[in-house]
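Reader: I have a structure open and want to learn to read its features. Can you take me through some of them?

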Amino acid sequence: MAKTQIISDLQSAIGKKWVLYAPEDLLVYEYDATIERGLPEAVVLPNSAEQVAASVRIARRHNVPVTARGAGTGLSGGAIPCEGGVVLVTSRLNRILEVDAENRIAVVEPGVINLDISRAVDPHGLYYAPDPSSQKVCTIGGNVAENSGGPHCLRYGMTTNHVLGLEIVTAEGEIVSLGGKTDTAGYDLTGIVVGSEGTLAIVTKVIVRLLHKPESTITILAIFDEVDEASQAASAMIAGGVLPAALEMMDKNTMEAVEPFINAGYPPDAGAVLLIEVEGLEEDAREQSEQVQAVCKELSAREIRIGLSPEDRERLWAGRKGALGALGRLTPSYYILDGVVPRTRLPEVLRGIYDACDRHGFRVANVFHAGDGNLHPNVMFDEREPGVTERVLKLGEEIMRLCVDADGSITGEHGVGSEKRSYMSWIFSEDDMTAMKRLKLAFSATDGFNPGKVFPTSKGCGEVSSRMKAAIAKVGPDAYV
Amino acid sequence: MPDTSPIPIVPSSSDLAQCVRCGLCLQSCPTYVQTGLETESPRGRLYLMKALAEGEIEPTANVIGHMDQCLQCRNCEAVCPSGVPFGRIMERTRAGILEGNSSPFSWRLRSLFLRHVIAQPKALSIFAAVFRLYGRTGLRTLVERIPGIGERALLAPTMEGRPFTKSGLLARPDGEVRQRVALLTGCIMPHAFGRVHRATVRVLARNGCEVEAPPDQVCCGALHAHNGDLNTAMDLARRNIDVFLGAGVDAVIVNSAGCGAAMKEYDELLAGDSEYRDAAKRFSTLVKDISEFLVDLPFKVPSGQVQATVTYQDSCHLAHAQRITSAPREILRSIASLTLVEMDRPDGCCGSAGVYSLTQPKMSIELLDEKMRAVSDTKASVIATSNPGCMSQLESGLRRHGAPGEVVHVVELLDRAYPDR
Ligand SMILES: Cc1cc2nc3c(=O)[nH]c(=O)nc-3n(C[C@H](O)[C@H](O)[C@H](O)COP(=O)(O)OP(=O)(O)OC[C@H]3O[C@@H](n4cnc5c(N)ncnc54)[C@H](O)[C@@H]3O)c2cc1C
Ligand code: SF4
Ligand code: SF4
């Protein structure tokens, strides 16, 4: 590839300052929040949809792929350029373009941080409901691409339920609008792009739906001696017809990591806790809270904390939302899995997961959206130990198998990415996959956006990265300058 | 894991392995928010520092540029759920670069200046006197008007009021002595903000403390450590430990957040020094920020009042390094007629950051402008803070924007609220 040519083309399209190509600069775009790696050949930071379109056209002309990147907090390797090429970062596309409080709609650029939407509309008594635990830092574009969920999605639905329309740049470099502020006729193309993990288009504008803040929210912390009791309580709650706004579970190992970070009062000696929130009109919330407490008592909760102060509540949630990061206190590396099982099967699958980790000799911390049956086992290990990654991946595969065998699926909210594409064949037939590929072809005949994701291929992300590193090591750091 | 290498010029691999790249620190980093670049983010810098430590990359001008842009404000460290000791990792990385063959000329120059001027009381007095003259003769006003240089010059500290030159016994309380404390006089504070020391001493005495300033104390070494000159920082630390432990006081009071943070971490700095390790631990537990100390005491609620709308700027090294955010606010709230109005992101760096405003004026000014916008939204006429660097930077901000108002240390307001001082 004529590297200097594409770089100077990109520079003239979006300005010198916003095209990175020095090897050390590229290095920090080879990761996201996973353990995967892949080096880009250039990084661009456009400032408008037109600049996005121009970058896409240039890459296409030079026949290199484009991978979009928001904040790089993805948990399935989505923003990692598996096959090199251009990484297109949305951090400068961070304007809230319009807030229409009356119609409860906001129009934002893709690089806007999830929580910043809620902050901006707070004076109107509104908020944006999907709340991934990374919401303080992740972008709405990344949320759209991964169809992200969060603790409160149990009641309010995932990202896709809150996106009314999009502006996208196609693989041909055209700017197209999908959906809109009101219902539009024809196919729901917005729904197809949401969750497409950056493989169909680059999103340049998002129209989101806003909700009124609930009149009353009650937070409950239920403490159990055993994980099993906690997971039974979670499934009994849903089966009994209570629909909390959030129903989260954390096990002992997770609490051990979280407590020193935030001192939220998570009990260090308990087997597991459920962090539950019920919302609605005052009366309604109170009634639900009573039902929740009854179920927890029946399943021998050791203690139920209620009537928490706003500060307590904030700390409990900060602990829950910081849990993944806090695991770094217990282990140099961890592998986060993301599986879904029917809620009734939660207790049995969880038991299977602890067993499997024991057998393979790894510690595991479980912290997850129990209400959705969306599991996140985090397998702890030390990256520096030779051969360990393979063993961890093997264990991961076994855990995903457990989920699928329990009529579950291989991703709840983190996406398939490069990480889990080889498991796609477990849940989809050849025909299903062909149908999906044909859908992708309908968007573009080339594999220009985020290749190597979602669909199984023979080439792994890690290989590309180590090849690039070897190349740098050989020719020296200035090889690409 | 304690790191016990004698001269820590490489971050330990366990410190580096602590970052799991979750990205939860990104929006707390002023330089990331300003640029949107991963290279200017905590996670990116940590990745580069790891690659440096492992010999995967060289300290090229490009890499050093990313380290230089870091404010060392440690906001990332305060929000990191994984407990990454960012400040320590950055100091050791800088130490490694400074000791190595490819250390940039500007770094060596800076470290010479810090060693031979800032850490030497005599040299510093001369330097301060020249600076004072520069301010008084109106030369400063002139220089600040020169296009191109003016913006930079604006960020230089002001040395105007009367310097603080006392040492030995400074004050005795009227009644019974509740505690005997020693004051760190420090390098910049006595020259630039002598009045803050005078207020500190008065407030301490009013609260039953006998206050002394041990004459042989030296600069705390914070600036040296931040710039990677750990050898000088360790030398200064040893001398201060001897002097202050020798004084046999109940507490060492610091009214400069940057110095306090560094002194509370002498135990980490000297972890590899078998002779001083234990003394350093003892010393570090004695160090107290003035606000922290007063609230713990507890201080006497003042009977006077201060008619003002005040906004509080968290000094990074108080909020993020020492994790003290409520004590200064508690003091302000205790003052009658004073209205405390919080600004947006009060704990976001103002761009002062030690010598940063002089070495990275562009970013420093961007952050300062942002800060002044947040301040002006509060309509406050007084900005209170906890560190001389922040005071000087915020004063520059007021001058730069032609805004009325006053910058003070928290303890000055408390002092004003005590009657007939
Ligand atoms: C601590 C932690 C907690 C988390 N908690 C949750 C959680 O509770 N629920 C959850 O669902 N996820 C969670 N995640 C995962 C992650 O935060 C989400 O997937 C998030 O949506 C990613 O956003 P991002 O901006 O970081 O995207 P990135 O990681 O940068 O990218 C993710 C994907 O989106 C694509 N993309 C980004 N921007 C665009 C665009 N403008 N157009 C097209 N494609 C684009 C990328 O190509 C990539 O495929 C968590 C992650 C961490 C580290
Ligand atoms: S420094 Fe901490 S918060 Fe930031 S990416 Fe690393 S582990 Fe996460
Ligand atoms: S110390 Fe401050 S500027 Fe440096 S990386 Fe951390 S948050 Fe950013």
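Reader: At what angle do helix α22 and helix α23 of chain B pack?

Author: First, a caution: this is a predicted model. To read helix packing, take the angle between the two axes and their separation. Helix α22 (residues 361-378) and helix α23 (residues 388-400) of chain B pack at about 75°, with axes 10 Å apart. Angles of 65 to 115 degrees count as roughly perpendicular. So α22(B) is roughly perpendicular to α23(B).

Reader: Which residues of α22(B) and α23(B) meet?

Author: From α22(B) come B:Ser364, B:Ile365, B:Leu368, B:Asp369, B:Lys371 and B:Met372. They meet B:Gln393, B:Leu394, B:Ser396, B:Gly397, B:Leu398 and B:Arg400 in α23(B). By class, this contact has five nonpolar, four polar and three charged residues.

Reader: Now chain A. How do the axes of α13(A) and α14(A) cross?

Author: The angle follows N-to-C directions, so it runs from 0 to 180 degrees. Helix α13 (residues 346-360) and helix α14 (residues 388-405) of chain A cross at roughly 160°, and their axes come within 10 Å. Angles over 145 degrees count as roughly antiparallel. α13(A) and α14(A) are therefore roughly antiparallel to each other. The crossing is right-handed.

Reader: What classes of residue make up the contact of α13(A) with α14(A)?

Author: Start with the residues themselves. A:Val349, A:Gly352, A:Ile353, A:Ala356, A:Cys357, A:Arg359 and A:His360 in α13(A) meet a set in α14(A) that includes A:Arg391, A:Leu395 and A:Glu398. By class, the contact of α13(A) with α14(A) has eight nonpolar, two polar and three charged residues.

Reader: What is the angle between α3(B) and α4(B)?

Author: Roughly 135°, with the axes of α3(B) and helix α4 (residues 61-69) of chain B coming within 11 Å. That makes α3(B) oblique to α4(B). The crossing of these two helices is left-handed. B:Arg45, B:Leu48, B:Met49 and B:Leu52 in α3(B) meet B:Val63, B:His66, B:Met67 and B:Gln69 in α4(B). The contact has five nonpolar, two polar and one charged residues.

Reader: On to ligands. Which residues come nearest to ligand 3?

Author: For a ligand, list the shell, then ask which elements supply it. Of the 13 residues around ligand 3, B:Cys29, B:Arg45, B:Cys70, B:Cys73 and B:Cys76 come nearest. By class, the shell has eight nonpolar, three polar and two charged residues.

Reader: Where does ligand 1 lie?

Author: Between chains A and B. It has 37 residues around it, and A:Ala68, A:Gly70, A:Thr73, A:Ser134 and A:Thr139 come nearest. Next, look for N and O atoms close to the ligand. The side chain of A:Ser134 has an N or O atom 2.6 Å from a ligand 1 oxygen. A polar backbone atom of A:Gly74 is 2.8 Å from an oxygen of ligand 1. For a backbone N or O atom of A:Ser133, the distance to a ligand 1 oxygen is 3.0 Å.

Reader: Last, the backbone. Is the peptide bond from B:Leu297 to B:Pro298 cis or trans?

Author: Read omega. Here omega is near -10°, and the bond is cis. B:Pro298 is in the loop between α18 (290-296) and β6 (305-312) of chain B.

Reader: What is phi of A:Asn450?

Author: Near 45°, a positive value in a residue other than glycine. A:Asn450 also lies in a loop, between α16 (430-443) and α17 (461-475) of chain A.

Note on methods
Residues numbered from 1 in each chain as written. Chains lettered and ligands numbered in written order. Predicted model: local features only at pLDDT ≥ 70, side-chain atom pairs only at ≥ 80, totals over all residues. Heavy atoms only, no water. Helix = DSSP H or I, 4+ residues; strand = E, 2+ residues; numbered from the N terminus. Parallel < 35°, antiparallel > 145°, perpendicular 65-115°, else oblique. Left-handed = near helix turned anticlockwise from the far one by under 90°. Contact = heavy atoms within 4.5 Å. Nonpolar A, V, L, I, M, F, W, Y, C, P; charged D, E, K, R; others polar. Near = heavy atom within 4 Å. Polar contact = N/O pair within 3.5 Å; in protein donor to acceptor, adjacent residues only side chain to side chain.
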